[in-house]
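Please have a look at it first, and then we will go through it piece by piece.

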Amino acid sequence: MPDIEGCNLFMCCKALDKNALSEIPEGFTIRPCRKEELDIWYGFPFDHEPEKYRDYMQQYFADVYQPREAEFFRKCLFLCDQNDTPVGTCFAWKAYGSVTTIHWYKIRKEYEGHGLGRALLSAVMKEIPEEDYPVYLHTQPGSYRAIKLYTDFGFALLTDQQVGFRENELEIGLPYLKEKMPEADFARLRFESAPKDFLQAVKSSPVSQF
């Protein structure tokens, strides 16, 4: 049986829905990740056992970001509390040299439910120039709350069976989403096929860059 919560899903936003935008709440700030905070960033995507995945994150950094390290530290954002402690991260990244993608969107579990995720994603999306759209992201059925948020911003689920060297497991993930999401939110999900130039770009490297 596949790990349904962790199955591959891909989304595309052709135009930002500005009705979804919100501002950073008082007491929080957004700033770039500092070089000395890279170990903190490595552990961010995983609520449980971050050390278990450190080798994976280090390898991902080496494969995707290290060739453009200075750019990474300009782009990679932390949402910080009043003590300047990172509680969320997200950033836009030009993958494969041509594809605008959203990377490593995450709010620490104890800070969820306070609008911080919407505010952080708003800050990232607002900074992407119109000419850099469409914007793409990779997600999983287990992130169904985030999928609802992405839909608010204008993202649609891609229906192509293969995205680069990864299988798009939408057929497996949809029943899980239907079970977990409120009926109205599930009904708002949109679907579309990927542009050919995107599919060509993601096949240009065996390394999955988003």
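Predicted model: local features only at pLDDT ≥ 70, side-chain atom pairs only at ≥ 80, totals over all residues.

Let me begin with helix α5, residues 144–153, which lies across β1 (9–13), β5 (99–107), β6 (135–139) and β7 (155–158), and which runs at about 20° to β1. Helices here (H or I, at least four residues) and strands (E, at least two) are DSSP runs, numbered from the N terminus, while the axes are lines fitted to C-alpha atoms, for helices over the stretch in contact, with angles that run from 0 to 180 degrees between N-to-C directions. Contact, in turn, means heavy atoms within 4.5 Å.

Residues are numbered from 1 along each chain as its sequence is written, and side-chain values use heavy atoms, with hydrogens and water left out.

Eight strands form an open sheet with mixed pairing, in the order β2-β3-β4-β5-β6-β1-β7-β10, where two strands pair if DSSP finds at least two bridges between them. The edges are β2 (29–32) and β10 (191–192), each of which pairs on one side only.

Which strands flank β6, and how do they pair with it? On one side, β1 and β6 run antiparallel and are joined by five bridges, with C12 standing opposite Y136 of β6. β5, by contrast, pairs with β6 in the parallel sense over two bridges, and there T100 stands opposite V135. Four of the five residues of β6 are buried (under 20% relative accessible area, with exposed meaning over 50% and partly exposed in between, for a 1.4 Å probe and protein chains only), so this strand is largely enclosed by the rest of the structure. Elsewhere in the sheet, β3 (residues 77–80) and β4 (residues 86–95) are antiparallel over four bridges, and the partner of F78 in β4 is T89.

Let me turn to one residue, L16, which is found in the loop between β1 and β2. At 22% relative accessibility, L16 counts as partly exposed. L16 touches L21, M125, Y133 and F153, if we do not count residues up to four places away in sequence. L16 and G154 are 138 residues apart in sequence, yet 5.6 Å apart in space, C-alpha to C-alpha.

Finally, the open spaces. On a 1 Å grid over the protein atoms alone, a pocket is an open set of points with protein on both sides within 12 Å along at least five of seven lines, and lining residues have an atom within 4 Å of a point. Grid points are joined across faces, edges and corners, and a volume is the space filled by probe spheres set on the points.

How much space lies in the largest pocket? It is about 1500 Å³. Of the 39 residues that line this largest pocket, P45, Y105, K106, Q140 and S143 are the closest to its centre. At least two lining residues come from each of α2 (54–65), β5, α4 (116–126), β6 and α5, and that brings us back to the helix with which I started.

Terms used
1 Å grid on protein atoms, 1.4 Å probe; cavity = no way out; pocket = protein on both sides within 12 Å on 5 of 7 lines; lining within 4 Å.
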